[in-house]
Amino acid sequence: MSARLAHNTPIYRTADVRAIEAAAAVSPSPPQLMEKAGLVAAEIARDVSAGTGKPVLVLAGPGNNGGDAFVLARHLKQWYFNVSVVYAGDGGKLSADASAALRAWRAAGGGISDTLPKTQDWGLVVDGIFGIGLEREVSGYHAEWIGTVNRLAAPVLAIDVPSGLQSDSGRVMGCAIRADHTVTFIALKPGLLTLDGPDHCGDIHVRTLGLDTQKLRAPQGFVLGPEILNGVLPPRARNSHKGDYGSVGIIGGDHGMVGAALLAGRAALKLGSGRVYAGLLARDAQAVDADQPELMLRTADEVLKLGHLSSLAIGPGLGQMPDAAFYLGIALESELPLVVDADALNLIAAEPRLAELLRRRPTASLLTPHPAEAARLLGKSTREVQDDRVGTAMKLAGTFNCPAVLKGAGSVCAAPDGSWHINTSGNPGMASAGMGDVLTGLIAALLAQGVAPRTALLAAVYLHGAAADRAVAGGAGPVGLTATETIDAARALLNRR
């Protein structure tokens, strides 16, 4: 994805960006947003293509994104770049600002072609076809342009968002530009950071165009970055013992799925929990974890009866047999901070009684669904969930009155107060078995050590992805990266803070 984005950088959805633009337009001195956007984009284009000696191809679309492209082209031409502009729309249908930008381009001696030049030897291609708010599938000659650009060897700079990428969801609308750089205006958009966005944006450059966005509209969305780990756990006193760092209970591990509970337990142990108990449902479960003998393996009954637990996690390898629902009910009725994952989520989706217990819990609960589990919880299809990842995460948090993370590329963490974060760590190596179990253990460990529930969720989600990034940087992936390998990496990263 992009060059590093600071933690808590605001993210705005399309409707909010439009509201900011409208508020700026009625200010005493309305800013010339298109002129500013075109100039800052031209400066990035100049830097990216400097020294190539090759021409720049600019593709302009039918909206204000095209107007930004005309302004960019004009500046590059004034800086003595050889610029070719392709625009096939009806100039009479352009907005007033975009029409003015087109006239200024022509007045500067710039030409327009309605077809792509035959040459493929470009120093840079600038994508100004479509901007934010695209809601239809890309088709016709615009789709052909996108296909051609994606086959070129030249670097690509996208204006605001890569054309064909839905700016709120990150969904590809039929086809989309694969950019090396994206300069996005006013504020970050969620679609740049989640679902297909990270595969299409390249390095992201945020340019506010001189607007105080947070003054014009308070943000609900934010970047989840490495600073969330700063001070998440205080330094340990020399005079301390295991009881000072909490006790975690993990409930799960039915027949054939014991490994899931062990992964969660190992993650909790290596993230600093003083004691970790794995309550296993499998009747033939082993009595000891030979690879991690520090884990205390018990039955689910035994763990749920312990009086000194600090946090509880349920779901890894839980299954959906009657015993699983029984133990989930006990966990939901407990007064412990609770992480709910995997089959525990599926049982809640299937049984209204359990869902109501979750909603009414007076103690903190944290939900960790992947898209299919989120769909079951909300009675939607997985496609509907992925088409609105931010909205889905917010709906989960509101419906069940607790923080939730919708896992996936650019995991979305939401809270009942309507705020949300998009995670910027992680890589494709995490698409492997057991990763969710590790995340569950990381969250439970932070809860057991007294970290506030919402912070525990955010910190664990970022740390989990960062651990995978560290493992990959060390040669352990992304192909073939295992959940186990992320556990030691997470411990190492947390101890560096």
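Predicted model: local features only at pLDDT ≥ 70, side-chain atom pairs only at ≥ 80, totals over all residues.
Which residues does Asn427 touch, not counting residues up to four places away in sequence? Asn427 touches Ala468, Asp469, Val472, Pro478 and Leu481.

View A. Asn427 counts as buried because its relative accessibility is 17%, under the 20% limit. Its side chain makes a polar contact of 2.9 Å with the side chain of Asp469. A polar atom of the Asn427 side chain also lies 2.8 Å from the backbone nitrogen of Gly429.

**View B. The open sheet of 6 strands.** Pairing in the sheet is parallel, and the strand order is S3-S2-S4-S5-S6-S7. From one strand to the next, the twist averages 20 degrees.

**View C. Pairing of strands S2 and S3.** Strand S2 (residues 56-60) runs parallel to S3 and is joined to S3 by 4 bridges. Leu59 stands opposite Val86 in S3.

**View D. Helices H2 and H5 on the sheet strands.** Helix H2 (residues 33-49) lies across S2, strand S4 (124-128), strand S5 (156-159), strand S6 (181-185) and S7. The angle of H2 to S6 is about 165 degrees. Helix H5 (residues 140-151) lies across S2, S3, S4 and S5, and runs at about 155 degrees to S2.

Note on methods
Residues numbered from 1 in each chain as written. Heavy atoms only, no water. Pairing = 2+ DSSP bridges. Helix = DSSP H or I, 4+ residues; strand = E, 2+ residues; numbered from the N terminus. Axes fitted to C-alpha atoms, helices over the stretch in contact; angles between N-to-C directions. Contact = heavy atoms within 4.5 Å. Buried < 20%, exposed > 50% of the residue type's maximum accessible area, 1.4 Å probe, protein only. Polar contact = N/O pair within 3.5 Å; in protein donor to acceptor, adjacent residues only side chain to side chain.
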